[in-house]
Structure formats: C-alpha cells, structure tokens
Amino acid sequence: MPNDPYLDASVAWRIKSGILDLHEAGYRDIREAILSSGLATDVIGLISAGKEADVYLAGFNEGPIAIKVYRLYQTSHKGGRPIKLDQTGWLAAKEYEMTRQAWKGGVRVPTPARRAENMFSMRYLGDESGPAPRLNDIELDEPESFLTKVINGVEELAKAGVVHSDLSAYNILVYEHEPWFIDFSEALRVDRLGNAPWQRLQEASVALERGLNSLKGYFSKYGLEIDSKTAISRILRTLDKFGVLE
Ligand SMILES: Nc1ncnc2c1ncn2[C@@H]1O[C@H](COP(=O)(O)OP(=O)(O)OP(=O)(O)O)[C@@H](O)[C@H]1O
Ligand SMILES: [Mg+2]
C-alpha cells in the first residue's frame with residue numbers, strides 16, 4: 001500500500017508531535033467537510049464510529065439524513081505509521097452505487113442521496129429518540145416471521161443484482177418492524193457477471209454462505225434454523241443465466 005507519498009508535510013508533523021492522536025480528521029474538520037460538500041446543511045452528531053467509517057446524523061434543510069464518512073487514515077496492523085488510504089473515495093463510491101442498485105430493485109435499504117469524495121448521504125433510519133437498532137441489539141417478538149423477511153430480503157437483493165458479502169445481525173437495522181440492509185461496502189454485483197461468470201457466481205456463493213451462517217448464529221438463540229443450502233441454490237439458479245454452474 002502506498003504510504004509516504006500521500007502523507008504531506010503538515011500531516012507527518014502533526015502525527016509526530018502527537019497532535020493528530022487518532023490519525024483522523026477531527027470532528028470539526030469532518031463537520032466542515034460535510035457542510036462544504038453540500039451533503040448536509042447541519043451536522044448533529046456521531047451515530048457510530050466503525051473500523052473503516054463513521055456514520056453521522058445530519059440535517060438537510062429541515063429533515064434528518066445519515067452520512068457515512070470513510071476514514072482517511074488507517075493504523076497498520078503491523079504498527080508503525082498510519083497509512084493514508086487513497087481508495088476511500090472509491091470505497092464510498094462503491095458502497096453508494098451498491099446501495100443505489102439495491103434501492104432501485106425495491107429492496108429495503110436507506111435511500112442513497114449523494115456522494116462527495118469519501119462520504120455519502122442516505123436516508124436516516126430512526127426517529128427523534130435515536131437511530132433504528134441493529135438486529136443484533138434487540139429481542140424480536142416474532143423471530144420466525146422476521147427471519148422469513150430477512151431471507152426474502154436476501155433473495156430480493158440478488159434479484160436486484162447485489163449480494164451483500166458482509167451480511168450479519170450487525171448490518172441489518174430493525175425499522176418499523178422490518179429488516180433494512182445497510183453497509184454494502186463489500187457487496188458484489190451479480191446482475192452483470194463479467195468475463196468470468198463462473199468465478200463471480202462462486203464468489204457470490206461463498207459470500208451468501210458466510211452471511212447466512214452468520215445469521216444462523218443469531219437466529220439459533222430463538223431455536224430457529226436457516227436452510228442456507230436450499231436458499232443459496234435457489235438464488236444461484238436464478239442468477240446463472242448461462243447455466244455455467246450446471
Ligand atoms: N441510514 C442509517 N440510518 C441510521 N443509522 C445508520 C444508518 N446507516 C448506518 N447507521 C448506523 O451506523 C452503524 C454503522 O454503519 P455501517 O455498518 O454502515 O458501517 P460500519 O460497520 O461502521 O463500517 P465499518 O466497516 O468501518 O465497521 C450502523 O450499525 C447503524 O447503527
Ligand atoms: Mg457495519
């Protein structure tokens with residue numbers, strides 16, 4: 001990963017002197033970046049600080065909006081100096097496009113609004129009391145019908161041309177009693193299979209299995225099973241237009 005060429009002199013100095021503690025633009029800088037990009041007219045606060053990105057609650061004119069901001073710096077696992085990621089704009093663009101593709105296909109995802117550099121805005125799922133909870137953080141009243149909705153959602157996503165790749169009870173929000181899928185940063189497009197359809201479908205199969213296994217773990221606490229084999233083969237059959245998996 002390229003490193004030094006991207007660290008300009010002032011950044012290197014601030015890191016060395018310890019001012020840039022988290023190797024991150026501070027809240028004020030991010031707020032400024034959001035406002036000057038025109039993604040929002042007001043920044044209200046941080047909803048979530050993740051490994052690769054932070055999510056902010058912001059205002060656009062009178063309404064609330066969520067803004068995901070990819071981190072510009074990441075600390076290397078091997079220690080040493082932080083790496084400036086030159087692909088954060090690309091990551092934001094990818095997630096924005098994947099979310100848009102799913103939204104166009106009618107799947108419950110936060111409607112994406114706009115992208116600017118390493119940030120994009122989308123519909124805020126939640127209300128005045130706070131953001132919608134993650135599936136992982138709540139007890140379901142009717143787990144069986146919710147599970148059916150989740151599996152239907154995964155199938156609808158595939159029909160819309162998207163396989164999530166990082167599906168788990170952390171990336172599903174429960175809003176108005178429905179599952180809403182978020183965090184499409186690692187998603188795969190499966191409507192266009194590219195030059196190697198077999199390979200893309202294999203990747204899709206692995207991603208679906210990983211995601212459904214993760215959900216199995218979550219739903220097992222309600223004593224519910226997921227027949228992932230059947231679901232995956234049903235999904236792959238509809239995607240495999242050229243019969244390459246036959
Ligand atoms: N549109 C939204 N409305 C309300 N809350 C949201 C929205 N999008 C994300 N969030 C909140 O932000 C959290 C993090 O979002 P997301 O899963 O997209 O990124 P992440 O997992 O932090 O990224 P990373 O890959 O860096 O870990 C979610 O768990 C959810 O609580
Ligand atoms: Mg996530």
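How do the residues of the shell around ligand 1 divide into nonpolar, polar and charged? The model is predicted: local features need pLDDT of at least 70, side-chain atom pairs count only at pLDDT 80 or more, and totals for chains, interfaces and linings use all residues. Residues are numbered from 1 along each chain as its sequence is written, and chains are lettered from A and ligands numbered from 1 in the order in which they are written.

**Figure 1. Overview of the protein.** The protein has 6 helices and 13 strands. These are DSSP runs, numbered from the N terminus: helices are H or I of at least four residues, strands E of at least two. Of its 246 residues, 30% count as buried (20 or more other C-beta atoms within 10 Å of the residue's own; exposed, 12 or fewer; partly exposed, in between; C-beta atoms placed from the backbone). Among contacts between residues at least 6 apart in sequence, 58% join residues at least 24 apart (contact: C-beta atoms, placed from the backbone, within 7 Å).

**Figure 2. The shell around ligand 1.** The shell residues divide into 11 nonpolar, 5 polar and 6 charged. Here Ala, Val, Leu, Ile, Met, Phe, Trp, Tyr, Cys and Pro count as nonpolar, Asp, Glu, Lys and Arg as charged, and the others, Gly among them, as polar. Of the 22 residues around the ligand, Ser48, Gly50, Glu52, Pro110 and Asp183 come nearest (near: C-beta atom, placed from the backbone, within 6 Å). Strands β1 (42-49), β2 (53-60), β3 (63-70) and β7 (119-123) each supply at least two shell residues. Ligand 1 lies between domain 1 (17-127) and domain 2 (132-239), because both give residues to its shell. The domain bounds come from an automatic or database assignment.

**Figure 3. Helix α4 and its buried side.** Buried residues of α4 are Phe146, Val150, Ile151, Gly153, Val154, Leu157 and Ala158. They cover an arc of only 150° around the axis, which puts them on the same side of α4 (arc: directions from the helix axis to the C-beta atoms). These buried residues pack against α3 (88-104), β10 (162-163), β11 (172-175), β12 (178-181), α5 (197-219) and α6 (228-239). The face turned away carries the exposed Glu144, Ser145, Thr148 and Asn152.

**Figure 4. The end of α4.** Glycine 161 follows α4, with a positive phi near 100°.

**Figure 5. Threonine 41.** This residue sits in the loop between α2 (27-37) and β1. Threonine 41 counts as partly exposed, because it has 14 C-beta neighbours inside 10 Å. Neighbours within four places in sequence aside, threonine 41 contacts Gly59, Phe60 and Asn61.

How values were computed
Contact = placed C-beta atoms within 7 Å.
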